[in-house]
Amino acid sequence: MKYVVKRLVQGVPIILAIVVINFFLLNMAEGDAVDVLAGEAGSATPEYMAELRKKFGLDQPLPVQLMVYLKNVVTLDLGYSFRHDMPVNELIFDRFSATALLMTSTIILAVGFGILLGLLAAMRLNTWKDAVITVFALITYATPLFWVGLMMIVVFSLQLGWFPTSGMENVAAFYEGWDRVVDIAHHLVLPTITLSLFYLALYTRMMRASMLEQYGQDYVVTARAKGLTERRITFVHVLRNALLPVVTMAGVQVGALIGGSVIVESVFAWPGLGMLAFESLFARDLNLLLGIFLLSSILVVAVNLIVDIIYCFLDPRIEVN
Amino acid sequence: MKKVFATMFMAGSLMVSAFAAKAENYGGTLSFLVQPEPPTLASYVSTSGPIGLVMPKIYEGLFDYDNDGKMIPILAESYSMSADGKTVTFKLRKGVEWHDGKPFTSADVKFTILEVLKKVHPRGPNSFREVSSIDTPDAHTAIFNLDNPAPYMMRSFSAYESPMVPKHLLEGQDVKSAPLANKPVGTGPFKFVEWKKGQYIRLDKNENYWQEGLPYLDRIVGRFIPDASTRTAAMENGEVLYAAYNAVPNIDAVRLKERDDIDVTTDGYSMINPMALIEFNTKEGPFVDPAIRRAISTAIDRRFMIDTIFFGYGKPATSALSSNFSATNLHAKMANYPERGDVDAANAILDKAGYAKDGNGVRMKATLDIIPYGEDWRRAGEYLKQAMGDIGIQLDLRYEDVPTWLKRVYHNYDFEMNVNYFYQLPDPVLGVHRHYGTNQIRQGTHFVNSSRYSNSTLDALLDSGSKEPDAAKRTATYKEIQTILANDMPVVNLFELEFLTVYNTKLKGAYGSAMGAYGSFREAYLD
């Protein structure tokens, strides 16, 4: 427990540093939110634009803007999105559930099946099963995400008609209660599979290699000498050790998942944070963008803490302090 | 009980007569594409395209326009103009209510025009610049007093261009930041229900709509799908039934057109009137000399651009004005606008003007900026690079993101030539003058005279063109304007864009208005 608190306290300066660096990086881009808003409106007077800048606080010098922003962040207020005319907190919260849903299902699918397939391939080394799994992993690893997404749509939505092409809910029906849950799950299938495939391949390959490495270790020889069954050796001894690198990788990649989901969210019109970040970059909606970055950095710090805790369960030799 | 029965009977008979007359069906949800997701829903502050797709279903204008340009009375029943053109009296419709139940009156019209559109709308200050005051002798009469005749004003009363907004929800507030922006209350056939960011906007039928028997649909849902291929797939699957403004790209539209259940139209864009063009920096850089600009216009194969890049949808430009202005007799065909491009003639112009080729056949080098609105424009830039190479102008292409590009062209004037497109709108005063007038050199304002072209003769002609009530005299004035511009060419028009609407044939009755997708859909129904 003490360890958890210590790690959390260490996380704070890291996150603040990320905020400051992001702030300056984003402000280096040409043009601001007012330019985009005025450009989209077709025409706007310079007076109107100056007035908007004043209202948004964009007329202040950068260090002042930064201080104002930091002050807000400390009080858990992420500011206001001028483009959406809504508080950033509200916008992010609204979209976070969609992202969380997609991410959780993807991680479960990718890590779960990755471990399973890797295990199977390692146990059936150099048989046709191993070959099929390895080739499958190689192909999915090498295929671009957006193309997989589009092919999924072509095959499963257009040709077979099993799943909807896009969106999160059926907008003609507007289901409620359990029907809505089922409807959302139905919409979730294709995006999850698409986003999982890449990571699934990665974890499969990693799991296979890691299993094989562990099989060659001295303790396996010892275990065999003790007369343990192969089954017990594989599942109790080798598996636990082989999981360590896979879990580490999964933890690091939670951050990357948000990035990878931009493509999947865009192809399937899934209303998540990735898409929101992408749009707000082009709209120069910096408050919103900073808010999303802040959230994802918190997420990465938190997930890495969880991964460290999982380590102790997998390998009691690792002590957390 | 008796009363209930009577109402039911009336409603029933109305429906029966409607069925008998045209066989329209009541009910159903129309799901259509809104691309990209709009920033807000304040159509009285922003004319941004996606806002225009949604809001005319909620807010109405005084008039609509049919495909022949004829005025259809909406919130106004009729109007009359005094002989000198300086007083316009509108008779407003009675019994119209806002979605919150308050009555719509002449006070709303006065407030909308003077306090909202004239002050905060991007184009309103121009459309209504001659309106000095509005008298409201009673709740259903609005008298516009003009300083000068304003013939173009009568073309800008559509729901998209000049939406009527409720005075009681804006008065005493900062119009630009009032909460009405994202919780609109209008008089239109559909009511705002919900906006799920990143997903959809939902509108439900207005049961108290002033036109009895309308609308037919129960619900309209505007969906946001960021990826173009997925938009096409959703259209193919019947998940969405209507996609305007090239939401389904031309390359897919020509394929979908072959299907029985999907059709394509170019109708519904004549009031928008988009024109693809090249803006030049006429103050500094390589294109200060009008002869070079004439040579460029002469060398471009407009037909090739339309057929190859835009799949045949478009018309070659023949002057500074779109041929859609032929309806009001303002368009005239001009020299220096060949359809197929004439490289020899262009080279001759440049030789004569004294721009010699060097050993590599290069006369000059320049950078071409490209409007960052998608692949089609990028390809247009690539074509231009090649075509200009033929006449010894070596181009580098530059493609940036929207804010950077806007800043470069309209704030810093840091460009040499720029591919762009402008809406010419239903009258040159509204859409074309902003490109050429000296008073339109407004640094920091987007989509105005970025060429910084200034010609006092032209300024005088533009001024008289906007005030001349006599149609024949106006025709003559605009002919002169076009002649000057065809010679000086601060802007070279490329072609009149034809946007595509892809629609499922199940959807009927959505095509009667010249506003197309920016229309109200009050007569749309599902077959």
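This is a predicted model: local features need pLDDT of at least 70, side-chain atom pairs count only at pLDDT 80 or more; totals for chains, interfaces and linings use all residues.
Local features were considered at pLDDT of at least 70 and side-chain atom pairs at pLDDT 80 or more, whereas totals for chains, interfaces and linings use all residues. Residues are numbered from 1 along each chain as its sequence is written, chains are lettered from A in the order in which they are written, and side-chain values use heavy atoms, with hydrogens and water left out.

Helix H4 of chain A, residues 62-74, has 13 residues and reaches 18 Å from its first C-alpha to its last, close to the 18 Å expected at 1.5 Å a residue; helices are DSSP runs of H or I with at least four residues, numbered from the N terminus, and the expected span is 1.5 Å times one less than the number of residues. Within H4(A), A:Gln65, A:Leu66, A:Tyr69, A:Leu70, A:Asn72 and A:Val73 are buried (under 20% relative accessible area, with exposed meaning over 50%, for a 1.4 Å probe and protein chains only). These residues lie on the same side of H4(A) because they cover an arc of only 160 degrees around the axis, the arc being that of the directions from the helix axis to the C-beta atoms. On the other side of H4(A), A:Pro63, A:Met67, A:Lys71 and A:Val74 are exposed. The buried residues pack against helices H1 (2-27) and H12 (286-314) of chain A.

Notes. Helices (H or I, at least four residues) and strands (E, at least two) are DSSP runs, numbered from the N terminus. Contact means heavy atoms within 4.5 Å.
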